[in-house]
Amino acid sequence: MKVINTNLNQHIATSLEKFSQKGGEKVSNYVNAAGKAVIAPLVIMHNPFTKENEENRKWASIKQPVEAVITLAMQLVSLGLLYKGIDSLIKKGKINFKYVENAAKDISKIPEKILKACNYDKEKALEMYKSQYNEIFKDRLGAVVTTITYLPVLALSNKIYPKIAEKIVNKNENKSAQ
Amino acid sequence: MKINPLNKLAQSEMLNKHINKVIKDDMFGAKTLVALNVTKDVFAYAIRFKTTMQNEKIPEEKRPFVASMDLMSGVVTAIMQIGVGFSLANPKIQNKIWDKFFKNCNFQDIVSAKKGFSQIMALIGSTVLAERILVPLIATPFAEKFEKKFFPHKNNQNSNEFKFISIEEFNKDIKDYSK
């Protein structure tokens, strides 16, 4: 059992390194969608602190996974396109960061922890610094795009969710009537 | 000459300072991630509330509770996410959890791993623990109270008359109430 735990921790540890290098916006959206789809409906349905009738709670809880799926799909497409576009511009040299340019001229401008992680290899450190800059830049723009996509997401979800909720609630009512 | 707005942004002092601070300071990076999530959520919940109230496809008698749930979730989410997310981004708590799970693991780049860990911790704390478990638990009874206060038909369950107010009337009520 200890071996399994150690392996699992090692696997998580490796993923943490990848996460840090890839930035947070996409993962943040995955975590958000998973929580909304799975945990939120359960908590709404089985909340001991409310006397709200079951049917209303069913309606409120069905909204969560429907919205989570639509949100994630829309965000994956929009962020995918955005990140691809930015990567392409960076590759063509059309986006250049001021501090990275300064660091290329004077290596001491690179944060100490990056230099240390690269064993003070200047080229490697500059590459890592640049790569982290690119990822954080994409994340910040991604956050803006994610916020904007909520408008079409919620419009679509408001159209789809009542139909699904009605079907599920009616189906359950018919079952209990039988 | 064509000006590339993204490059202009990449050259701005403010953005460069911000990115540099995120790279240097893991805790600042984690807190920024939580703050961004809260901003996105507050925006989304505000839109959700407005659109739910206007959504005629949701049966009228269900609409007040669904909309109240959206509004109360937004308010409680902002407070809880900042509280839980920022607490979990605390270096002392992070170091304790790190030592418990990853002390004996091998890392190619422990600096990146620790940065990823602080961000994931803050993210899971704020979006899963706070937003999805604590928020619905707290927001549901609040939504129930809010619904009864502002959608009075619920106070008279035996009445067949359903009084549903428009978003404009609701906004007016809220303003009057806050006065």
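1. Confidence in chain A. The average pLDDT of chain A is 84, and 87% of the residues score at least 70. Where pLDDT is low, the predicted coordinates should not be read in detail.

2. Secondary structure of chain A. Chain A contains six helices and zero strands, so that its elements, read from the N terminus, are written α-α-α-α-α-α. Of the 178 residues in this chain, 37% are buried. When contacts in chain A between residues at least 6 apart in sequence are considered, 71% of them join residues at least 24 apart.

3. Secondary structure of chain B. Chain B has seven helices and zero strands, and its elements run α-α-α-α-α-α-α from the N terminus on. Buried residues account for 41% of the 179 residues of chain B. Among the contacts in chain B with a separation of 6 or more, 77% are between residues 24 or more positions apart.

4. The interface, seen from chain B. Between the two chains, 55 residues of chain B are in contact with 52 residues of chain A. The side of chain B that touches chain A draws at least two residues from each of α1 (5-10), α2 (13-24), α3 (26-54), α4 (63-88), α5 (91-102) and α6 (110-150) of chain B. The largest share of that side, 20 residues, comes from α6(B). Sorted by class, the side of chain B that touches chain A comprises 29 nonpolar, 16 polar and ten charged residues.

5. Which residues of α3(A) and α4(B) meet? On the side of α3(A) they are Asn56(A), Trp59(A), Ala60(A) and Lys63(A), and on the side of α4(B) they are Phe65(B), Val66(B) and Met69(B). By class, this contact of α3(A) with α4(B) has five nonpolar residues, one polar and one charged. As for the geometry, helix α3 (residues 54-91) of chain A packs against α4(B) at an angle of about 50 degrees, and the axes are 9 Å apart. Because of that angle, α3(A) is classed as oblique to α4(B). The crossing in which α3(A) passes α4(B) is right-handed.

6. α3 against α6 within chain B. Inside chain B, α3(B) and α6(B) pack with their axes 8 Å apart and at an angle of about 30 degrees. Angles under 35 degrees count as roughly parallel, and therefore α3(B) is roughly parallel to α6(B). The crossing of α3(B) past α6(B) is right-handed. The residues that make the contact include Asp26(B), Met27(B), Lys31(B) and Asp41(B) from α3(B), and Lys114(B), Lys115(B), Leu123(B) and Glu131(B) from α6(B). By class, the contact of α3(B) with α6(B) is made up of six nonpolar, six polar and six charged residues.

7. α3 against α4 within chain B. The axes of α3(B) and α4(B) cross at roughly 170 degrees and come within 9 Å. Do these helices run roughly parallel or roughly antiparallel? The angle makes α3(B) roughly antiparallel to α4(B). The residues of this contact of α3(B) with α4(B) are 13 nonpolar, seven polar and five charged.

8. Two backbone points to inspect in chain A. Asn119(A), which is not a glycine, has a positive phi of about 50 degrees, and Asn119(A) is situated in the loop between α5 (112-117) and α6 (122-177) of chain A. Asn119(A) counts as exposed because 8 C-beta neighbours lie inside 10 Å. Tyr120(A) also belongs to the loop between α5 and α6 of chain A, and the phi of Tyr120(A), a residue other than glycine, is positive at near 60 degrees. Is Tyr120(A) buried, exposed or partly exposed? With 13 other C-beta atoms within 10 Å, Tyr120(A) is partly exposed.

Note on methods
Residues are numbered from 1 along each chain as its sequence is written. Chains are lettered from A and ligands numbered from 1 in the order in which they are written. This is a predicted model: local features need pLDDT of at least 70, side-chain atom pairs count only at pLDDT 80 or more; totals for chains, interfaces and linings use all residues. Two residues are in contact if their C-beta atoms, placed from the backbone, lie within 7 Å. Helices (H or I, at least four residues) and strands (E, at least two) are DSSP runs, numbered from the N terminus. Ala, Val, Leu, Ile, Met, Phe, Trp, Tyr, Cys and Pro count as nonpolar, Asp, Glu, Lys and Arg as charged, and the others, Gly among them, as polar. Axes are lines fitted to C-alpha atoms, for helices over the stretch in contact, and angles run from 0 to 180 degrees between N-to-C directions. Angles under 35 degrees count as roughly parallel, over 145 as roughly antiparallel, 65 to 115 as roughly perpendicular and the rest as oblique. A crossing is left-handed if the near helix is turned anticlockwise from the far one by less than a right angle, and right-handed if clockwise. pLDDT is the predictor's confidence in each residue, from 0 to 100. A residue is buried if 20 or more other C-beta atoms lie within 10 Å of its own, exposed if 12 or fewer, and partly exposed in between; C-beta atoms are placed from the backbone.
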